[in-house]
Amino acid sequence: MGDTFILVVVVVTAVAFDFTNGFHDTANAVATSIATGALKPIVAVIMSGCLNFLGAFISISVAATIAKGVVDPSVASSSGGLEIVLAALIGAIIWNLTTWCLSIPSSSSHAIIGGLVGAAVAAVGSHAVSFHGILEKVVAPAVLAVFICGAVAALGTFAAYVMVRRLGDRQARTGYRYGQIGSAALVSLAHGTNDAQKTMGIIALALISTGHISAAHFYVPLWVKFVCAGAISLGTVTGGWRIINTMGNRITSIESPQGFAAEAASGSVILASSYYGYPLSTTQVVSGGVTGAGIGKKQPVHWAVFGQMVSAWILTIPSAGIVAAGAWEIADIFGKNSKVGCLVIVAITIVIAAALWTIAQRTAIGAKDLDRTNVTPEQEAERAAGSDTATPAVA
Amino acid sequence: MLLFGDPIIDWSDILKIVIAALIGGAGIVVIYGFLLLGLKFAGVGDTTGETHSEGSKMTGYALAVICGLVVLGVIAIGIYAITQKPS
C-alpha cells in the first residue's frame with residue numbers, strides 16, 4: 001500500500017516535471033519564428049504543442065535509455081528506489097523553475113539526468129551511476145553539438161543572404177518566413193519524441209521499481225504515453241515567454257533568413273545525432289544555432305547573455321544533482337519507503353516553486369509583448385539595416 | 001578525445017553527423033532559396049508588375065517543383081530518422 005501511494009506521488013511529480021519541460025523548452029522550436037514575425041506567439045505555441053503531442057508517440061527508444069541507461073535499474077528496484085526517482089524529479093523541477101525565473105534557456109534533459117545521478121549517489125553510492133556513459137552519451141556530444149550547430153547555422157545564414165541578394169529583400173524575407181513555419185514544426189516534432197519520452201522513461205523506472213514492468217521486457221504502457229504527451233504539450237501551449245524572449249531576441253537580432261537557417265541547422269543536428277545514438281539537449285543545440293546565425297550575418301552577438309546560458313549549462317547536472325541528493329536525504333530522515341518523507345519533500349518543492357513563480361511575476365513577459373506579426377518584411381529589413389547591437393525586445 | 005585511456009568520442013560518428021547537418025542544415029537553406037528563386041522566375045507573388053516570358057515561367061515552376069520535392073524529401077528523411085532512434 002505504501003509503495004502504491006509513493007508510486008502515485010512519483011507519477012504526479014513526473015507529470016509536473018513534464019509540464020515544466022514543456023514550457024521551459026517551447027522556445028527551442030518557436031522562438032525564432034516568433035522573433036521574425038513568421039507566426040503569432042499563440043499560434044506558434046499551439047502548433048508546437050500539437051506536434052509535441054504527436055512526437056511523443058513516435059518511438060520509445062529514448063524512454064528505454066532513460067529507464068535503463070543512466071542508473072542501474074536494480075537500484076530503482078531496491079528498497080527506497082521510488083524515493084530516488086522522486087528526489088531526481090524534484091531536483092530537475094527546481095532547476096527548471098530556477099532557470100525559467102532567470103530567463104535562461106537550459107537543458108531539461110540534463111536536469112533530469114543530473115537529478116537521477118545526484119539521488120542515486122546519495123542513496124546508494126557512486127557505483128550505481130555510469131559516469132563513463134554520461135560523459136560519452138551526454139557531456140561530450142552536448143559540447144560538440146553546440147559548435148557543430150553554430151557552424152552549420154553560420155554557413156546556412158551566409159548562403160541564405162547570398163540568395164536574399166538574388167531574390168530581392170521582400171520576396172526572400174516573406175519566403176523564409178513561410179520556411180520557418182515548416183522548420184519550427186519539425187523541431188517541435190523532434191522535441192516531443194525526445195523530451196516526452198524522458199518523462200516516460202522516469203515513470204517506467206518507477207514502474208520497474210514496483211514490479212509493474214520488467215526491466216528485461218521493457219515497454220511503456222499506453223496510459224503513460226498519453227499522460228506524458230498531454231503534459232508536455234500542455235506545458236508547451238502555456239508558453240515559456242521569458243525563455244522565448246531570451247532565445248529569440250536577446251542573443252542576437254534575428255531576421256527570417258537567419259531564423260530559417262538556425263532552425264534547419266538545429267533540426268538536422270538533433271535528428272542526425274539521435275540517429276547515431278547521441279541524445280542531445282535541444283535547448284543547447286538551438287542556442288548554438290541562433291548564435292551561429294548571428295555570426296553568419298556578421299552581426300553583434302550578445303555574448304553576456306550567451307555566457308549566462310553556458311554557465312547554466314555547466315551548472316545544470318551538478319546543481320540538479322545536489323538538489324536531488326538533498327531531497328533524498330530529507331526523505332531518508334523519515335526512513336525508507338516513508339509516505340511522510342515523500343510528502344515532506346513534495347511540500348517543500350511546492351513552496352519553492354510558488355516562491356520562484358512569485359518572483360518571476362515581477363518581470364512578467366506575455367505573448368503580446370513578443371508579437372511581431374505586424375512587422376512587414378520591409379520594416380524587418382529596415383530594422384536589420386539600422387541595428388548595430390543585439391537589442392533585447394523585452395529586457 | 002581520451003579520458004583515462006578510453007575513447008569517449010567516436011569521431012567517425014561525429015563526422016557523419018557533421019555531413020548530415022551540412023546537408024540538412026545549410027543544404028536545405030540553399031535548396032529552399034532556389035525554390036524561392038524559381039517562384040520569382042515564375043512571377044509568383046511578384047508585386048512589381050514585371051512581365052515574365054512563358055519560358056521563364058516554365059523554368060521557374062520546374063525549379064520550384066524540383067526544389068520543393070527535395071525539401072519535402074529531406075523532411076521525410078528527418079521524420080524517418082526520428083522513428084529509427086537507437087535505444
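1. How are H8(A) and H11(A) oriented to each other, roughly parallel or roughly antiparallel? In this predicted model, the two helices pack at an angle of about 25 degrees, with their axes 8 Å apart; H8(A) and H11(A) are therefore roughly parallel to each other. Angles under 35 degrees count as roughly parallel, over 145 as roughly antiparallel, 65 to 115 as roughly perpendicular and the rest as oblique. Axes are lines fitted to C-alpha atoms, for helices over the stretch in contact, and angles run from 0 to 180 degrees between N-to-C directions. Helices (H or I, at least four residues) are DSSP runs, numbered from the N terminus.

2. The crossing of H8(A) and H11(A) is left-handed (the near helix is turned anticlockwise from the far one by less than a right angle; right-handed if clockwise). H8(A) contributes residues including A:Arg173, A:Tyr176, A:Leu186 and A:Asn194, and H11(A) residues including A:Ser256, A:Phe260, A:Glu263 and A:Ser274, where contact means heavy atoms within 4.5 Å. By class, this contact has 10 nonpolar, eight polar and three charged residues. Ala, Val, Leu, Ile, Met, Phe, Trp, Tyr, Cys and Pro count as nonpolar, Asp, Glu, Lys and Arg as charged, and the others, Gly among them, as polar.

3. A:Arg173 also forms a salt bridge with A:Glu255 (2.5 Å, N to O); the term requires a side-chain nitrogen of Lys or Arg within 4 Å of a carboxyl oxygen of Asp or Glu. The pair links distant parts of the chain, 82 residues apart: A:Arg173 lies in H8 (residues 169-209), and A:Glu255 in the loop between H10 (241-250) and H11. Over all chains, the structure has two salt bridges, and the count between chain A and chain B is zero.

4. H11(A), residues 256-275, also packs on helix H1 of chain B, residues 11-41, at about 150 degrees, with the axes 8 Å apart. H11(A) and H1(B) are therefore roughly antiparallel, and their crossing is right-handed. Among the residues in contact are A:Phe260, A:Ala264, A:Ser268 and A:Ala272 of H11(A), and B:Ala21, B:Gly24, B:Ile28 and B:Tyr32 of H1(B). The contact comprises 12 nonpolar, four polar and no charged residues.

5. At the level of the chains, 45 residues of chain A are in contact with 39 residues of chain B. The two chains bury about 3600 Å² between them, 78% of it on carbon and sulfur atoms; buried area is the accessible area (1.4 Å probe) that two parts lose on being put together, summed over both. In chain A, A:Gln171, A:Tyr275 and A:Tyr276 lose the most area to chain B, together 15% of what that side buries.

6. Within chain A, the axes of H6 (residues 108-123) and H13 (residues 303-333) come within 6 Å and cross at roughly 45 degrees. H6(A) and H13(A) are therefore oblique to each other, in a right-handed crossing. The residues in contact include A:Gly114, A:Gly115 and A:Gly118 of H6(A), and A:Ala320, A:Gly321 and A:Glu329 of H13(A). Nine nonpolar, six polar and one charged residues make up this contact.

7. Residues are numbered from 1 along each chain as its sequence is written, and chains are lettered from A and ligands numbered from 1 in the order in which they are written. Local features need pLDDT of at least 70, side-chain atom pairs count only at pLDDT 80 or more, and totals for chains, interfaces and linings use all residues, while side-chain values use heavy atoms, with hydrogens and water left out.
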